[in-house]
Amino acid sequence: MTAQESSSIATLPVMAEAALQAYPSATLYVVATPIGNVTDISLRALHVLTLVNAVACEDTRNTAHLMTRFGLNKPLIAAHQHNEREVAEVLIARLLAGERIALVSDAGTPAVSDPGARIVDAVRAAGLRVLPLPGASAAVTALSASGLVNDQFYFVGFLPAKAKQRDNMLQSLRTVSATMVFYEAPHRILDCAVALEAAFGPARQVVFARELTKMFEEIHRCPLSEAAAWIGADPHREKGEFVVLLEGATAAQDAEEAEAERILAILLGECSVKQAASLAAQITGRKKNALYERALQMKDEAA
Ligand code: SAM
């Protein structure tokens, strides 16, 4: 883009249009903020942030920084997961007095794996207006660039941190046919890839959407059998923010999975976890490590 083209963006009529719209008072504005690239914010959201009396936010330092990037300065009210109910009372009193208040989280859409839902619930219950300002969400951003063709998606969000609970949850998702969407912390991404393969088998497609909209953005798609190796191939891949998308179950994969489980279960009844995994790998052609992980889980489930 030339300098002339970029300066013409500032004079586009749509820029002025945001200012001409109705922004009712006594309203809570739920404002999505960027997930990385600071310019991923809507014109209407920016306009609301210039208008509001205060911004309720997950972390005042992060939001202060964001507001500075936008050239704005507003009173901030801390509204995090530990004080949502109490803050809701404060916000309701201010809204009843006719104020406009914005609710934001650290990044993306409030109440999506972020605080905000309890505040919205309380404000609505008080009969006050809640107006959403749509924008970035890591889940939808990843889905849009994944190339996974499926009309349905199932938002799982963060998996439990403890391995046993995580594996139980993954087992409960094995027959979901929609694309599954996970949020995962960087220090758990490798374990997550191994656990996904143990639970869903080697053939399902997985997409790692890392550092979306940021300088080192990567969107990688591969079968689960190659996932751990892809992460391990570059030390940077255990850093940054991740959305993990998993292809939903198909009837053929379901049948294959059931057969591998059946073989493993029979072998587990006859020999050690290690031997069962080794024999099952020879029979099914699958990776011994993933079968070993799954065999351990099966032993645990049976205990
Ligand atoms: N409310 C946010 C949304 O609408 O997407 C999600 C907040 S949640 C606390 C943070 C998680 O979202 C991260 O751990 C990561 O899984 C995902 N995430 C946020 N920003 C991301 C980015 N730029 N690239 C990849 N994943 C991201």
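Let's start where two helices meet: V273, K274, A277, S278, A280, A281 and T284 in helix 12 touch K288, L291, Y292, A295, L296 and K299 in helix 13. Contact here means heavy atoms within 4.5 Å. Helices (H or I, at least four residues) and strands (E, at least two) are DSSP runs, numbered from the N terminus. By class, this contact of helix 12 with helix 13 has eight nonpolar, two polar and three charged residues. For the classes, Ala, Val, Leu, Ile, Met, Phe, Trp, Tyr, Cys and Pro count as nonpolar, Asp, Glu, Lys and Arg as charged, and the others, Gly among them, as polar.

A quick word on the model before we go on. This is a predicted model, in which local features need pLDDT of at least 70 and side-chain atom pairs count only at pLDDT 80 or more, while totals for chains, interfaces and linings use all residues. Residues are numbered from 1 along each chain as its sequence is written, and side-chain values use heavy atoms, with hydrogens and water left out.

Back to our pair. At what angle do helix 12 and helix 13 pack? Helix 12 (residues 273-284) and helix 13 (residues 288-302) pack at about 130 degrees, and their axes are 8 Å apart. That makes helix 12 oblique to helix 13. Here axes are lines fitted to C-alpha atoms, for helices over the stretch in contact, and angles run from 0 to 180 degrees between N-to-C directions. Angles under 35 degrees count as roughly parallel, over 145 as roughly antiparallel, 65 to 115 as roughly perpendicular and the rest as oblique. The crossing of helix 12 and helix 13 is right-handed; a crossing is left-handed if the near helix is turned anticlockwise from the far one by less than a right angle, and right-handed if clockwise.

Helix 12 has another neighbour. The axes of helix 11 (residues 251-270) and helix 12 come within 9 Å and cross at roughly 145 degrees. On the helix 11 side we find A260, I263, L264, L267 and L268, and these meet V273, A276, A277, L279, A280, I283 and T284 of helix 12. What classes of residue make up this contact? There are 11 nonpolar, one polar and no charged residues between helix 11 and helix 12.

What does the record say about this region? UniProt, in an unreviewed entry, has "domain: RsmI HTH" at residues 254-299. UniProt positions are given in the numbering used here, feature names are shortened, and annotations may be inferred rather than shown by experiment. Residues 254-299 are 89% helix and 0% strand.

Now let's walk over to the other annotated span. The unreviewed UniProt entry places "domain: Tetrapyrrole methylase" at residues 27-227. That span is 37% helix and 23% strand, and its end C-alpha atoms lie 46 Å apart.

Look for an open sheet of five strands in the order 3-2-4-1-5, with parallel pairing. Two strands pair if DSSP finds at least two bridges between them. Which strands stand at the edges? Strand 3 (76-78) and strand 5 (129-133) do, each with a single partner strand, so one side of each is left without a neighbour in the sheet. Strand 2 (residues 54-57) pairs with strand 3 in the parallel sense over three bridges, and V55 has L76 in strand 3 as its bridge partner. Helix 4 (residues 60-70) packs on this sheet, touching strand 2, strand 3 and strand 4. Helix 3 (residues 43-51) lies across strand 1 (27-31), strand 2, strand 4 (100-104) and strand 5.

There is another open sheet of five strands, ordered 6-7-10-8-9, with mixed pairing. Its edge strands are strand 6 (153-158) and strand 9 (218-223), each pairing on one side only. Strand 8 (residues 205-210) and strand 10 (residues 242-246) run antiparallel and are joined by five bridges; R210 has F242 in strand 10 as its bridge partner. Helix 9 (residues 189-200) lies across strand 7 (179-184), strand 8 and strand 10, at about 10 degrees to strand 10.

One last pair. The axes of helix 8 (residues 163-172) and helix 9 come within 10 Å and cross at roughly 40 degrees. Helix 8 and helix 9 are therefore oblique to each other, and their crossing is right-handed. The meeting residues are R166, D167, L170 and Q171 of helix 8 with D191, A195, L196, A199 and F200 of helix 9.
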